[in-house]
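Hi everyone, and thanks for coming. Let me take a few minutes to walk you through a structure that may be new to you.

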Number of protein chains: 2
Amino acid sequence: MNIKYFSRTLLVLAMIGAFSVNAMAKDKVIKWKLAMSWPKHLTPLSSPPQNFAKMVNEMSNGRLVIAVHGPEKHKAALGVFDMTKLGQYQMAHSGSYYWKGKDINTLFFTSMPLGMTQDEQTAWFYHGGGLELMQKVYAKHKMYSFPGGNTGVQMGGWFRKEIKTVEDLKGLKMRIPGFAGEIMADLGVAVTNLPGGELYTALERGTIDALEWVGPGMDIKMGFHKVAPYYYTGWHEPASEMQFMINKKAFDKLPKDLQAIVTVAMKAAAADMYSENYVASADAWVKMKKDYPNIIVKDFPMPVLRAMKASNDKLIKKLEKRGALTKEIIVSQREFLKKSREWTKISEYSYLKSMIALEN
Amino acid sequence: MNIKYFSRTLLVLAMIGAFSVNAMAKDKVIKWKLAMSWPKHLTPLSSPPQNFAKMVNEMSNGRLVIAVHGPEKHKAALGVFDMTKLGQYQMAHSGSYYWKGKDINTLFFTSMPLGMTQDEQTAWFYHGGGLELMQKVYAKHKMYSFPGGNTGVQMGGWFRKEIKTVEDLKGLKMRIPGFAGEIMADLGVAVTNLPGGELYTALERGTIDALEWVGPGMDIKMGFHKVAPYYYTGWHEPASEMQFMINKKAFDKLPKDLQAIVTVAMKAAAADMYSENYVASADAWVKMKKDYPNIIVKDFPMPVLRAMKASNDKLIKKLEKRGALTKEIIVSQREFLKKSREWTKISEYSYLKSMIALEN
């Protein structure tokens, strides 16, 4: 081997080395999977995880690629908690209150009946201690959880007959799941649960008298307004926040810049869902009112609301005894609601009151 | 030179080469400056640009470093538009309506009297065509502009005497700047402008009869409540959105991943300011009510609101003739407000109405 040949070889090797070091930095692609509880087409619920994955891909220049799967792929809408906890998926997008059977403390991070509005609750999450409490709850399950997009006020549901008194609730057959269902049961409602696909027929035939779903944007596709004309305004989910979950080990292993990218992208995606749904709800409501002028929008009468509140307070009092952390969350939410509502009253609420009065 | 020495040298060079290529990718630090209209301590207005710079730094792993300067450094609170347009600064954080003297179309991207709430306007920006219109306006000035954080409803101001009739506005000396000032002038108010530092004394001595500032969080430091007990609810800036401006050339030169990082960080920082201010306002309002129980919160009477609306409509009609783009923006906002308000009425508003009724 002569010196020229040797040095040329070394030079080539050196160049390859130089390139490969750089290429390694560039090509070290991390692949994650995210399991969401909703099928891909179910916007706006399915929008945050999909927008999130796109933002992460762009911001990381392809170094963190996240495949988003709906139940059409992973086959278990409500299995995403365990899949993420066990690390089969690195992330999930769902609703925290679905896990109250596994851990009662997860109940409080979606929306509570008669609770905070979206403005108030989002402020609680990011600047009122809410996110810290959420992390405390999910740490036990070896996951992080972050706000994942808000639906805003969900409507109180479709009723075949008007609800005039508390008596009208007794024996009423209604589909209303979760904690709100417990309140309704406490008031004598025969709470039933039926798969989404059976609801329209059940309501049409009178197998059930009422049901709640989401709001105009999602209700319109179900056709409930055709068979139950009374559309009640919201009380039970004033600000339903979805959630991102992340397997703790997977997140902790990421380099710091990718951790920042994931965190910021979740926040932007969550904020965006509320806006997306606002427009979808507004558009659907315009269309509904035009196509079905027989829809009658109602607020629940005050005695009914008072009864709901009494049942709610009673059930919350019971929950407070479930443990120190449960109580800490309830107290945090109650105190934040109290102070922020005083501000809401003289700002958003007074403004809207004046503007609505001006319309007439 | 023996072969061993030569090859060792080459090897070292090769290694340096390898490192330097990699280091180059790592160390290619882009340095930007952002000029904000507010001093650093003036939270929440100064929070979005500072949070934004921090997020960009973390997400880019230090490849894009943004120095944030307030007027204490750049010496021109309202010079930031020109500084960014001319490229002396790559970015700015300010309020779009400050530029109405330069370009009337910038007026519409902060908040319009009797206009959209924060929910509605944010939905308009991101899902109702608002952002596209804003970009159209700022393209003429070789800049991009994005939402930069919302204050929510600003209070209608502090008044020494109660406003009972439209007549009470005639000759009233009030500090109220901008388009709302034009409406007040149309109603006979003697609109004055005074530097912030002179306002308290002017109000105390009766040189002025009233003024508007922001809301409890920022008003409390000014002490107005001590000399003008009537605190009117908002009508003139229901959802003041701040803005980020970016020099077009500087942004277009960035690699795609940094463009994505900048865009997403602005969105997250903007969303966060609204929450930060919600808490600050709530806290300040609790404190104010406790320390100064003599504060009297009032809504403007209906005839006064009707007169404001008539003046507003008249002035907007005039503005519509200023050009096709101006008209396009006004029509877009009007139509979006109309459809989204119908949804707001049966969701947020009805919910709050029921909850407030329940308190009594």
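I'll start with confidence, then go to the interface, the sheet in chain B, its counterpart strands in chain A, and one lysine.

First, some ground rules. This is a predicted model, so local features need pLDDT of at least 70 and side-chain atom pairs count only at pLDDT 80 or more, while totals for chains, interfaces and linings use all residues. Residues are numbered from 1 along each chain as its sequence is written, and chains are lettered from A and ligands numbered from 1 in the order in which they are written.

On confidence, the model scores ipTM 0.93 and pTM 0.93. Chain A has a mean pLDDT of 93, with 92% of its residues at 70 or more; pLDDT is the predictor's confidence in each residue, from 0 to 100. Over residues 16–24 of chain A, though, the pLDDT is below 50, and this stretch has 12 contacts in the model beyond near neighbours in sequence. Where pLDDT is low, the predicted coordinates should not be read in detail.

Now, how many residues of chain A are in contact with chain B? It is 73, and they meet 73 residues of chain B. Contact here says that the C-beta atoms of two residues, placed from the backbone, lie within 7 Å. On the chain A side, α1, α2, α5, α11, α12 and α13 each supply at least two residues, and α11(A) gives the largest share, 19 residues. Helices (H or I, at least four residues) and strands (E, at least two) are DSSP runs, numbered from the N terminus. By class, that side has 40 nonpolar, 18 polar and 15 charged residues. Nonpolar covers Ala, Val, Leu, Ile, Met, Phe, Trp, Tyr, Cys and Pro; charged covers Asp, Glu, Lys and Arg; the others, Gly among them, are polar.

Strands pair if DSSP finds at least two bridges between them.

Zooming in, β1(B) and β2(B) run parallel, joined by 6 bridges. Among the partners, B:Lys31 goes with B:Val65, and B:Trp32 with B:Ile66.

A:Lys33 stands opposite A:Ala67, and A:Ala35 opposite A:Ala92.

Last stop: B:Lys298, in strand β11 of chain B. Why does B:Lys298 count as partly exposed? Because it has 17 C-beta neighbours inside 10 Å. Leaving out residues up to four places away in sequence, B:Lys298 touches B:Glu162, B:Tyr230 and B:Tyr232.

That's my tour, thank you!

Terms used:
A residue is buried if 20 or more other C-beta atoms lie within 10 Å of its own, exposed if 12 or fewer, and partly exposed in between; C-beta atoms are placed from the backbone.
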